[in-house]
Amino acid sequence: MSVAGECGFSSEEVLNVRFPLHRACRDGDMLALHSLLHSDTHRAELLTEDSFYGWTPIHWAAHFGRLECVMELVQVGCGVNSLTSRFAQTPAHIAAFGGHPQCLMWLLQAGADLNRQDYVGETPLHKAARAGSVECINALLIQGAKADLRNASGLTGADLAHAQGFSECAQLLSNAQNQQQLSRFNGFSTNNSVERTRGFSNGIPSRKRSFGCIESSQFKKARTSDLDLQMRLMNGMNGSGGENLMDMARAELGPALSSTTAPGSTGVSENMDAAENVEDEKSVGAEERIIVDSCAKNTFYSF
């Protein structure tokens with residue numbers, strides 16, 4: 001409904017007659033507000049949008065910074081995220097555009113969505129930037145508002161502040177935007193590196209698992225000490241003399257694993273000592289080791 005259709009009444013008369021709750025919130029008239037809220041007829045108008053801006057009473061109170069009215073309206077059931085049907089704006093949008101940091105802060109602490117985007121994709125931060133309100137911008141940033149969100153035209157709050165000639169607001173928002181992006185980048189890099197490390201480690205079978213088929217097919221029921229020997233010998237194959245080492249393994253592992261070792265026998269332990277001496281001379285750093293399985297297939301792993 002337009003103002004022109006109100007039978008020649010002035011906007012003030014229309015507001016008084018048709019929207020008394022809205023008028024009380026505009027003026028911060030707490031006596032009138034209490035009186036109207038005790039009337040069932042007017043209480044039903046809490047969600048009524050006026051014919052001027054399409055605002056409900058809480059939007060009017062937010063725009064004019066009437067904090068007491070906002071608190072009273074929320075207490076009787078008005079939502080802090082109430083949306084206007086015309087522009088999808090919340091009281092936080094309106095308070096930010098009106099330049100009322102105390103009212104805005106109270107709404108945020110009461111649960112208002114500080115990153116809610118309206119019909120043109122603008123958040124309360126965009127509105128504060130348009131209004132050039134440093135206090136509202138700070139209130140929103142303190143509560144965690146995203147400075148790099150863009151509206152439907154692809155503009156951030158910093159862009160809007162700069163376009164409006166609010167250089168201080170533009171600088172403040174630009175700094176916040178850069179800091180938030182850097183923080184997210186650092187957090188992503190850290191998390192990503194952790195995931196990459198986990199993925200890298202999870203993708204590589206352990207040396208014990210790599211020898212699973214060797215134990216089951218070639219050496220059958222090899223004892224733990226004998227299996228350790230194979231592993232040490234295998235690990236020593238990277239350096240020079242690897243073929244000789246394998247020849248030694250074939251020569252000495254065969255009889256050791258095919259027969260039961262008598263108590264006091266030193267054959268296997270001597271071979272283990274020799275393998276350990278070879279291993280001590282090898283670097284266990286970030287070099288590639290070759291693991292040979294029972295399927296006669298060479299697979300390369302990086303440790």
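This briefing describes the annotated repeats, helix packing, salt bridges and backbone of one predicted model. Residues are numbered from 1 along each chain as its sequence is written, and side-chain values use heavy atoms, with hydrogens and water left out. Because the model is predicted, local features need pLDDT of at least 70 and side-chain atom pairs count only at pLDDT 80 or more, whereas totals for chains, interfaces and linings use all residues.

- Helices (H or I, at least four residues) and strands (E, at least two) are DSSP runs, numbered from the N terminus.
- For residues 87-119 the content is 52% helix and 0% strand, with end C-alpha atoms 5 Å apart.

- Helix α9 spans residues 124-131, and six of its eight residues are buried, so α9 is largely enclosed by the rest of the structure. Buried means under 20% relative accessible area, exposed over 50%, and partly exposed in between (1.4 Å probe, protein chains only).
- The buried residues of α9 are P124, L125, H126, K127, A128 and A129.
- Two packed helices are described by the angle between their axes and the distance between the axes. Axes are lines fitted to C-alpha atoms, for helices over the stretch in contact, and angles run from 0 to 180 degrees between N-to-C directions.
- The axes of α7 and α9 come within 7 Å and cross at roughly 20°; α7 and α9 are therefore roughly parallel to each other. Angles under 35 degrees count as roughly parallel, over 145 as roughly antiparallel, 65 to 115 as roughly perpendicular and the rest as oblique.
- The α7 and α9 crossing is right-handed. A crossing is left-handed if the near helix is turned anticlockwise from the far one by less than a right angle, and right-handed if clockwise.
- On the α7 side, A92, H93, A96 and F97 meet P124, K127, A128, R130 and A131 of α9, where contact means heavy atoms within 4.5 Å.
- Helix α10 (residues 134-142) packs against α9 at an angle of about 160°, with the axes 8 Å apart. The two helices α9 and α10 are therefore roughly antiparallel, and their crossing is left-handed.
- In this second pairing, P124, L125, A128 and A129 of α9 meet C136, I137, L140 and L141 of α10.

**Packing of α3 and α6**

- Helix α3 (residues 30-37) and α6 have axes 11 Å apart and pack at an angle of about 15°.
- Helices α3 and α6 are therefore roughly parallel to each other, and their crossing is right-handed.
- M30, L33, H34 and L37 of α3 make the contact with E68, C69, E72 and L73 of α6.

**Salt bridges**

- A search of the whole structure finds 10 salt bridges. A salt bridge is a side-chain nitrogen of Lys or Arg within 4 Å of a carboxyl oxygen of Asp or Glu.
- E12 and R26 form a salt bridge, the closest N and O atoms being 2.8 Å apart. This pair links distant parts of the chain, 14 residues apart, with E12 in helix α1 (residues 11-18) and R26 in helix α2 (residues 20-27).
- E12 is partly exposed at 34% relative accessibility, while R26 is buried at 17%.
- D29 and R23 meet in a salt bridge at 3.5 Å, N to O. D29 is partly exposed at 27%, and R23 is buried at 16%.
- E12, R23, R26, D27 and D29 are linked in a network of salt bridges.
- E122 pairs with R130 in a salt bridge whose closest N and O atoms are 2.7 Å apart. E122 is buried, with a relative accessible area of 1%, whereas R130 is partly exposed at 30%.

**Backbone points**

- Most residues other than glycine have a negative phi.
- A88, a residue other than glycine, has a positive phi near 55°.
- A88 lies in the loop between α6 (67-75) and α7 (91-98) and counts as partly exposed at 24% relative accessibility.
- G132 follows α9 and has a positive phi near 70°.
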